[in-house]
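Here are some notes to read alongside the structure. Keep the model open and find each residue as you go.

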Amino acid sequence: MSGPERLAVVLPGQGSQFVGMGRELAEAYPFARECYERADEVLGVPLSRIAWVGPADILTQTQNAQPAILLHSYVAWSLLPPELRERTVVAAGHSLGEFTAYLIAGALSLEDALRVVRRRGELMWEAGQENPGSMAAIIGLAAEVVEELCAAVDGTVVPANYNSPGQIVISGEIPAVAAACEEAKARGAKRALPLPVSGAFHSPLMERARAGLEEALESVEVLDPGFPIIANAVAEPVEDAARARELLIAQLTSPVRWIESVRRMQEYQPQAWVEPGPGAVLTGLARRIDKSISVRSVGDPAGLEFAVEGLRNG
């Protein structure tokens, strides 16, 4: 058997989208085009046109970005040769990407995954309208310091994404996030960068979306994943359907523990890593978590060919 025998997969989340994503794969591979046609039919919206042509403000809408990213990742993953995919020992996805992880692990069908994440996007947008919030990236402070300053300001603001050492995203009420950013600067943060989002994701302000997501997940079949999925909320492996449902719901209001998740993935001793889908955000985060991790991004035909060659040749 050539190439690595143990493969780890990381799946990107919202923010990785860009106009044109997935188009080259659909032009090069009939399977990819068929997947986009199926998605358009299942969702009743022209997702392929939104992803390939935009405009950007429509693609960025939560209810569009989430299924578009999931679909791109699924297509890119599926185009990897079966003998490589079969070597997967662990996977994890960042926020939305956790749903994609269950999809590629066979726990969800493509049609059900598309419907659920489309609904998740709608629910998160609605929660943001009812309880307006914001998010900001704090660069250059330890996680403990960010936790302390969030607790010290008035209002609701919490760590939402533990992305990499020195990069923590906070989320909450708009005045509280602004105050936390000022406090972060006062404590020596290199940057406190507001993020263009429609709500306070992974914070208590998303509680309104819980019941709707529970209903959406109850309406679809969830199977045990074919390999362990490291869950965002607890950074622990999930291998059964009931636990998957529970933690996908908990994820709405819990932080994405990405640093811990990547380190937990390392315990499976993968010999290679891939990031199927748009962009290379998680590729960069992995290197900042551990410089020894080298992730191959797979988002277009050239990236696919490069990754396959590298994986087969070790």
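1. Start with how elements are named. Helices here are DSSP runs of type H or I with at least four residues, and they are numbered from the N terminus. The model is predicted. G106 follows α7. The phi of G106 is positive, near 80 degrees.

2. Now α7 itself. How many residues of helix α7 are buried? Nine of its nine residues are, so count a residue as buried when its relative accessible area is under 20%. The helix spans residues 96-104 and is mostly covered.

3. V146, L149 and C150 are buried in α9. Why do these buried residues line one face of the helix? Seen down the axis of α9, they fall within an arc of 105 degrees, so they share one face.

4. The face turned away from the buried side carries the exposed residues A151 and A152. What covers the buried residues? The cover includes the strands β3 (133-139), β4 (157-164) and β5 (167-173), along with helix α10 (174-186).

5. V145 also lies in helix α9, which runs over residues 143-152. Its relative accessibility is 24%, so V145 counts as partly exposed. V145 and G310 are 165 residues apart along the chain. Their C-alpha atoms are separated by 40 Å.

6. Next, a helix pair. Two packed helices are described by the angle between their axes and the distance between the axes. For α13 and α14 (residues 281-289), the angle is about 80 degrees and the axes are 10 Å apart. That angle makes α13 roughly perpendicular to α14.

7. Which residues meet in this pair? From α13 come W258, I259, V262 and R263. From α14 come L282, L285 and I289. By type, the contact has six nonpolar residues, no polar ones and one charged.

8. Last, a loop. T253 is found between α12 (241-250) and α13 (258-266). Its side chain makes a polar contact with the side chain of R210, at 3.4 Å. Leaving aside neighbours within four places in sequence, T253 is in contact with H202, S203, P204, M206, E207 and R210.

Conventions: Residues are numbered from 1 along each chain as its sequence is written. This is a predicted model: local features need pLDDT of at least 70, side-chain atom pairs count only at pLDDT 80 or more; totals for chains, interfaces and linings use all residues. Side-chain values use heavy atoms; hydrogens and water are left out. Helices (H or I, at least four residues) and strands (E, at least two) are DSSP runs, numbered from the N terminus. A polar contact is a pair of N or O atoms within 3.5 Å; within protein, one must be able to donate a hydrogen and the other to accept it, and residues adjacent in sequence count only if both atoms are side-chain atoms. Contact means heavy atoms within 4.5 Å. Buried means under 20% relative accessible area, exposed over 50%, partly exposed in between (1.4 Å probe, protein chains only). Axes are lines fitted to C-alpha atoms, for helices over the stretch in contact, and angles run from 0 to 180 degrees between N-to-C directions. Angles under 35 degrees count as roughly parallel, over 145 as roughly antiparallel, 65 to 115 as roughly perpendicular and the rest as oblique. Ala, Val, Leu, Ile, Met, Phe, Trp, Tyr, Cys and Pro count as nonpolar, Asp, Glu, Lys and Arg as charged, and the others, Gly among them, as polar. The arc is that of the directions from the helix axis to the C-beta atoms.
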